[in-house]
Amino acid sequence: MVETEIFLSRHLQSKELFETVCTSLGAQEGTISSIQELEAYLSAAASDVRYSVYVSNEKWGNEAVDEVAEVFAEAEKKNSFVNTVIHTEEFLNIIDENGNITSESKPRSLVHRDGDLHPTVHVWIVKEMDMGVYVLLQKRSETKDAHPGCYDVSAAGHVKQSGDYRDTAVRELDEELGLYIAPEKLSFIGMIKNEYTDGNGFNDNELCAVYIYTEEVDADRLCLEKKEVSEVRWAEIDELLSAMGDAEFMHCIYADELQMIKKAVY
């Protein structure tokens, strides 16, 4: 059975949407530019075909996207050769060879399947004490698809399609820790490229903007998003670097980032 992946982003206007669908189906340019032409194309299928239709999960409406998704959903009822599965999930923008966020977007699960380079942010909450420089670690929920139960950066996340790095950093602090920080309070300390594969089809390839926040934070008063974060704890950077060499310390922290923090703070 031939399988075709269709990406329906809610950011697309009607003309762009039909152009995307036409290209994805391998149809001649301009032959699918309306709901009626799409219905005719799908009803003409004369051999088994499977359509995996991905719809971006933004909360705002897009009538054209909803109509196109409905046509695909109805097609298998009208043509026994057609099988359709509708997925709704977050779309991420892809980064080009020059390190720029492009307008090309793709479902998150497929970005991680294919190892596409995509933008993320890491935010480190930092405090200086007489005994050294401390960072706030979060322990990832056991239900996470990557690194479950591991200690990680204070807050982190993907830049959603059409988003930017700094706004994403603010959003992730709020969502994961219940901590709202004004964007200008975050200090950008650099970019870092991180790659990880679990050997089971999960391939993470990210270009990450790293921020630090150095004002006082009471870790005991944070409101943790339990689906994301199970606990938080402070760790002194040099002690943390040493602990990272212990196989029993489960983490997904990059030593290069800790060195970036030390350089920025001292």
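How many Å² does the accessible surface of the protein come to, and what share of it belongs to carbon and sulfur atoms? The accessible surface comes to about 13800 Å², and 46% of that belongs to carbon and sulfur atoms. Areas come from the Shrake-Rupley method with a 1.4 Å probe; for residues, only the protein chains shown count as cover.

This is a predicted model: local features need pLDDT of at least 70, side-chain atom pairs count only at pLDDT 80 or more, and totals for chains, interfaces and linings use all residues. Residues are numbered from 1 along each chain as its sequence is written, and side-chain values use heavy atoms, with hydrogens and water left out.

**Overall build**

The protein has seven helices and 12 strands. Helices (H or I, at least four residues) and strands (E, at least two) are DSSP runs, numbered from the N terminus. Along the principal axes, the C-alpha atoms fill a box of roughly 75 × 35 × 35 Å. Of the 266 residues, 49% count as buried. Buried means under 20% relative accessible area, exposed means over 50%, and partly exposed lies in between (1.4 Å probe, protein chains only). Take the contacts between residues at least 6 apart in sequence: 64% of them join residues at least 24 apart. A contact means heavy atoms within 4.5 Å.

**Helix packing**

Helix H1 (residues 14–25) and helix H3 (residues 63–78) have axes that come within 10 Å and cross at roughly 30 degrees. H1 is therefore roughly parallel to H3. Angles under 35 degrees count as roughly parallel, over 145 as roughly antiparallel, 65 to 115 as roughly perpendicular and the rest as oblique. Axes are lines fitted to C-alpha atoms, for helices over the stretch in contact, and angles run from 0 to 180 degrees between N-to-C directions.

From H1, the contact uses Ser 14, Leu 17, Phe 18, Val 21 and Leu 25. From H3, it uses Ala 64, Val 65, Val 68 and Phe 72. These residues divide into eight nonpolar, one polar and no charged. Ala, Val, Leu, Ile, Met, Phe, Trp, Tyr, Cys and Pro count as nonpolar, Asp, Glu, Lys and Arg as charged, and the others, Gly among them, as polar.

Helix H7 (residues 255–265) has these buried residues: Glu 257, Leu 258, Met 260, Ile 261, Lys 262 and Val 265. They pack against strand S6 (117–129), S7, S10, S11 and helix H6 (237–243).

**Salt bridges**

The whole structure holds 16 salt bridges. Each is a side-chain nitrogen of Lys or Arg within 4 Å of a carboxyl oxygen of Asp or Glu.

| Pair | Closest N to O |
|---|---|
| Arg 140 and Asp 152 | 3.0 Å |
| Glu 215 and Lys 185 | 3.3 Å |

Arg 140 forms a salt bridge with Asp 152. Arg 140 lies in strand S7 (residues 132–140) and Asp 152 in strand S8 (residues 151–152), so the pair ties together parts 12 residues apart in sequence. Arg 140 is buried at 13% relative accessible area, and Asp 152 is buried at 6%.

Glu 215 pairs with Lys 185. Glu 215 sits in the loop between strand S11 (203–213) and strand S12 (229–236), and Lys 185 in the loop between helix H5 (165–177) and strand S10 (187–197), so this bridge ties together parts 30 residues apart in sequence. Glu 215 is partly exposed at 38%. Lys 185 is partly exposed at 41%.

Elsewhere, Glu 5, Lys 106, Arg 113, Asp 114 and Asp 116 are linked in a network of salt bridges.
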